[in-house]
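Here is a brief report on one protein chain.

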Amino acid sequence: MKPSMAVDMFRTPNWVQIAPLLLLSFSLVVIFYHLPSIPSLISDLSSTASVGALTTNSTLFSPPSAAALPKPRRRQPPPGIKVSPRMGILDETGVMAADFEIGEFDSTSIDELRDLSGGTEENKAQQNEIVRIKYDKYKVCKEIKTDYIPCLDNFDEITRLNLSGSVWKFERHCPEEGKRLDCLLPMPNGYRKSIPWPKSRDEVWFSNVPHTRLVEDKGGQNLIAIQGDKFIFPGGGTLFSHGVDQYLNQISQMVPDIAFGQRTRVALDIGCGVANFGAFLFQQNVTTLSIAPKDVHENQIQFALERGVPAMVAIFSSRRLLYPSQAFDLIHCARCMIDWTGDDENFLLEANRILRAGGYFVWTAEPVYKREEKWREMENLTSKICWELAKKEGYTAIWRKPLNNSCYLIRDTGAQPPLCNSSDPDNVWYVNLTACITGLPENGYGGNISTWPTRLHYPPDRLQSINMEFSISRKELFKAESRYWNDIIESYVRAFHWKELNFRNVMDMRAGFGGFAAALHDLDVNSWVMNVVPVNGFNTLPVIYDRGLVGVMHDWCEAFDTYPRTYDLLHAAGLFSVERKRKKCKISSIMLEMDRMLRYGGTVYIRDTVSVLVELQEIATAMGWVSAIHDTGEGPHASLKFLICEKRMP
């Protein structure tokens, strides 16, 4: 083509029409790639519209302002240094740091800690291919299941095993596949939103726990009574003739070293009645876990939880309790109806396992002292396991557990009961009791903790005993988790008005080191937390107790040992993305269990990947919950979001 022909081409009418179109196309491409906030803004507007369509009268479901949520913190690594995830933490020169303090951290990196038990984040390609699974609306169960606890009310299995006359019938016997809960438990007639704490300590609605057996059996003990449309709790009991406060003062005077609220922070009350012991210890900064079996007085734990006192159904029988070794600073038994010296002495040996080194065992048992033979048996057994009788006064005796193994090692050869072998004393899921003494760690772990409240944020020595898959700085992870949850809970308190919602009974379904519970305490949310450590992850339960918190080991493929309608807030971070990978687990079954445990008017916060939350929201809708998915502080394109659900009164 000649040069003159090329010039003529650009002068043709066709080129004059095409040139503006090419320029416009090029401009759109540049805008699309260099201004990503435009599609982001469209996405945000759509999300806000969908959330607003759910509800207009609930603070929980109003999208929080950008100022209310924590801003993401970003920190670039030092130039030229690559840190291997298997090498721990390095300083600026690339040398392993032996001692350092936590500073600012990338808020997304803590999610690696939340996923230590096997969870992995889905990539963006997977998130763009989310498929909504539709669930049919769940039916309501028959009225007979109003107070149903699946693993404790499995009458078919109890009958098949011929356990009707055995204490073993009160142990866990979970329904097999195909017979698990597949419906919503009915609400008792006249059910009302629970009375908030601290008023609930002294009174609860009769219609919420409409069972009179305890009143009939214990009415003359100043323990519980009916007054109008409420149960009232005067704070008495068979052995608390002058009230629980006077009884607690007596214990403190007998052994001042118990030091409620300082040295003694976590207690266990066995055979708790209506949990007066634990209810009144709250005012002394002691968290008491009250336990009792679902026996002839089967609703005592239900009363305790309705009052707002930490409690769960548990029994001394053939298996270990679901708590780690050296969990409790003090164990209390006031006429708890346990034969401590019988059944191969296993029950007192189990109490010894879960009692902290240097901890106290308080036994108040009027009928026993009327039988000198039984008292001598108790003295003999406590001597054999090296407990020291600290004080005996009236019908109350207090023993102290040793701080180390020296007493055990100087016993005669063949002394009974023997020391346990090297089996893990913190392994508790369906582990049978053995007639042996659980020894104490030679390094003093568990016994050398700080006093309250210092221990809440001081990394305990037992951090080092957690069996993790790779070498990391546990102390820095501990501190990072605490900072992470403190930031998040602070934003929840502001954006969703948590202090006005009267959350009392709270459960963290995947607790990690207990940072969520510690944040609630630091931010003065007037609640207690049941920290649940799933069996398929790292066993951090000893650390949780060393911090002065309470918790339990559990497998979420099975039902939890609590009555229906007993928790105000359920929190699950990263739980479902892990559990959905297990073949025997269905996330719909876990959601039904959450509905069973959740009070009417209660709330659920689930933090997970987008694809998981989309399916959970469908299940929530099928159960009748009101729900909304919110962005985290990392923004609308982050791999994690959180789902808020509310179980409203019908």
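## Strand E4 and its partners

In this predicted model, strand E4 is joined by 5 bridges to strand E5 (residues 287-292), and the two run parallel. On the E5 side, Ala 267 stands opposite Thr 288. Strand E7 (residues 328-334) also runs parallel to E4, joined to E4 by 4 bridges. Here Ala 267 stands opposite Leu 330, and Asp 269 stands opposite His 332.

A helix takes part as well. E4, helix H9 (residues 276-281) and E5 form a right-handed β-α-β unit.

Buried here means under 20% relative accessible area.

In a regular strand, side chains alternate between the two faces of the sheet. Which residues cover each face of E4? Val 266, Leu 268 and Ile 270 lie on one side, Ala 267 and Asp 269 on the other.

E4 belongs to an open sheet of 7 strands with mixed pairing. The order is E6-E5-E4-E7-E8-E10-E9. Strand E6 (311-313) and strand E9 (388-393) are the edge strands, each pairing on one side only. From one strand to the next, the twist averages 20 degrees.

Helices pack on this sheet. Helix H8 (residues 244-254) touches E7, strand E8 (355-364), E9 and strand E10 (396-400). The direction of H8 makes about 45 degrees with that of E10. Helix H11 (residues 346-354) touches E4, E7 and E8. The direction of H11 makes about 135 degrees with that of E8.

## Nonpolar cores

The largest nonpolar core has 146 residues. Tyr 323, Trp 340, Phe 361, Trp 498 and Phe 576 touch the most other members. Helix H20 (residues 610-622) gives the largest share of this core, 8 residues. Apart from this core lies another, of 10 residues, including Leu 214, Val 215, Leu 223 and Val 274.

What does Phe 361 touch, beyond residues up to four places away in sequence? Its contacts include Ile 331, Trp 340, Leu 348, Met 378, Trp 387 and Trp 399.

## The whole chain

The chain has 650 residues, and 54% count as buried. Its secondary structure comes to 20 helices and 17 strands. Among contacts between residues at least 6 apart in sequence, 72% join residues at least 24 apart. The accessible surface comes to about 30100 Å², with 53% belonging to carbon and sulfur atoms.

Conventions:
Residues are numbered from 1 along each chain as its sequence is written. This is a predicted model: local features need pLDDT of at least 70, side-chain atom pairs count only at pLDDT 80 or more; totals for chains, interfaces and linings use all residues. Side-chain values use heavy atoms; hydrogens and water are left out. Buried means under 20% relative accessible area, exposed over 50%, partly exposed in between (1.4 Å probe, protein chains only). Contact means heavy atoms within 4.5 Å. Accessible areas come from the Shrake-Rupley method with a 1.4 Å probe; for residues, only the protein chains shown count as cover. A nonpolar core is a set of buried Ala, Val, Leu, Ile, Met, Phe, Trp, Tyr and Cys residues joined through side-chain atoms within 4.5 Å. Two strands pair if DSSP finds at least two bridges between them. A crossover is right-handed if, with the strands pointing away from the viewer, the path from the first strand over the helix to the second runs clockwise. Axes are lines fitted to C-alpha atoms, for helices over the stretch in contact, and angles run from 0 to 180 degrees between N-to-C directions.
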